[in-house]
Amino acid sequence: MQTDTNGAPSPFSGGEQAVRRGSWPRHDPLAALGGAKCLACGAPAWRGGYPHDTRFDGAGYRFFACAGCGAHFINPVPDAATLARMYAPDAYHQAFYADDGRANHDTMITHLRAHLTDGARVLDYGCGNGDFLRAALAAGFLAQGAEFGASAADAAAERSGASVFDLMRGDWRDADEWDAIHLGDVIEHMTDPLPTLAGIVARLRPGGVLAAQGPLELNGSLIGMCVRAWARAKAARGQQGSFIPWHVLYFDARAQRALFDRLGLHPIAWQVHEDGWPYSHHGGARGMIARMGVALARLPGLRGRWGNRFVALYRKPAAG
Ligand SMILES: [Zn+2]
């Protein structure tokens with residue numbers, strides 16, 4: 001099975017995606033829609049998606065909604081050289097510090113302790129600044145990280161005290177099989193998620209645990225509804241976005257679970273919660289919406305379904 005880097009400079013790309021780069025035809029959106037295929041499941045697009053469009057590095061990118069799994073995905077897929085510029089150390093540090101503090105390491109560590117023994121070997125794939133590694137070491141696991149590029153890997157190692165592989169080198173695959181692999185805010189960056197995830201699962205021991213957490217940017221959420229409505233209003237006024245498309249995939253709970261379901265794993269745990277992001281660190285009206293959104297997602301009937309984050313654990317079958 002194809003694994004992640006395959007010589008491409010991004011850990012999130014199998015390098016096999018057909019790449020069509022260039023401005024999307026603003027005057028003929030149906031033509032653009034015709035060739036767009038979901039990165040998560042391969043099904044065609046059926047309409048434009050969130051967050052509409054953006055320009056990066058001289059090229060236009062548009063987002064489409066998948067007719068199959070319901071994920072929203074970027075088109076064209078940024079090519080390897082563009083991904084390398086997106087994940088250049090300066091820009092990439094911004095990317096992972098932007099998500100810093102969102103991941104719920106305490107919840108994840110509690111889940112892992114329920115399913116692993118002391119001293120279990122845990123890999124944090126895409127370990128960012130090393131926060132999860134610190135928590136995993138403190139919990140008694142033999143934790144190591146993997147991050148894209150030597151400078152980011154070194155920074156995570158220094159901050160966490162764990163050893164960190166450089167994903168560009170690919171040598172994390174040479175280590176013994178892992179008891180658990182954690183993916184924190186990683187999957188939404190993958191341009192070829194199914195083969196990349198299959199390559200990661202291949203490095204788990206039989207019976208090992210795939211643990212993942214990340215955003216559900218399309219899920220039921222008061223804050224999400226406001227953010228998406230704002231994006232639609234901007235697009236309707238003809239305003240093109242100018243964000244760096246680090247997230248190439250956007251999920252709701254159903255689409256996220258559909259991707260995991262294709263890996264042939266046994267589900268152990270699935271949780272959805274609301275953290276109010278990106279309004280949670282604002283005051284005024286946005287801060288109020290964040291507090292209302294968090295409260296709303298805790299109401300009976302919405303609890304466990306509404307929310308903008310997931311925590312998931314899956315077990316690799318013991319045989320085969
Ligand atoms: Zn899909």
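Analyst: Overall, the protein has 10 helices and 11 strands (DSSP runs, H or I of at least four residues for helices and E of at least two for strands, numbered from the N terminus). Bear in mind that this is a predicted model: local features need pLDDT of at least 70, side-chain atom pairs count only at pLDDT 80 or more, and totals for chains, interfaces and linings use all residues. Residues are numbered from 1 along each chain as its sequence is written.

Now the sheet. It is open, has seven strands in the order S6-S5-S4-S7-S8-S11-S10, and its pairing is mixed (two strands pair if DSSP finds at least two bridges between them). S6 and S10 (266-273) sit at the edges with a single partner strand each, so one side of each lacks a neighbour in the sheet. From one strand to the next, the twist averages 15° (axes are lines fitted to C-alpha atoms, for helices over the stretch in contact, and angles run from 0 to 180 degrees between N-to-C directions).

S10 pairs with S11 (residues 309-315) in the antiparallel sense over seven bridges, and valine 272 has phenylalanine 310 in S11 as its bridge partner. Helix H9 (residues 253-261) packs on the sheet here, touching S10 and S11, and its direction makes about 20° with that of S11 (contact means C-beta atoms, placed from the backbone, within 7 Å).

Now for S5 (residues 142-147). Five of its six residues are buried, so S5 is largely enclosed by the rest of the structure (buried means 20 or more other C-beta atoms within 10 Å of a residue's own, exposed 12 or fewer, partly exposed in between, with C-beta atoms placed from the backbone). S5 pairs in the parallel sense with S4 (residues 121-125) over five bridges, with arginine 121 partnering leucine 142. It also pairs with S6 (residues 164-166), again parallel, over three bridges; there alanine 146 stands opposite phenylalanine 165.

In H6 (residues 150-160), the buried residues include Ala152, Ala153, Ala156, Ala157 and Ser160. They span an arc of only 135° around the axis, which puts them on the same side of H6 (the arc is that of the directions from the helix axis to the C-beta atoms). Just past H6, glycine 161 adopts a positive phi of about 85°.

Conventions: Contact = placed C-beta atoms within 7 Å.
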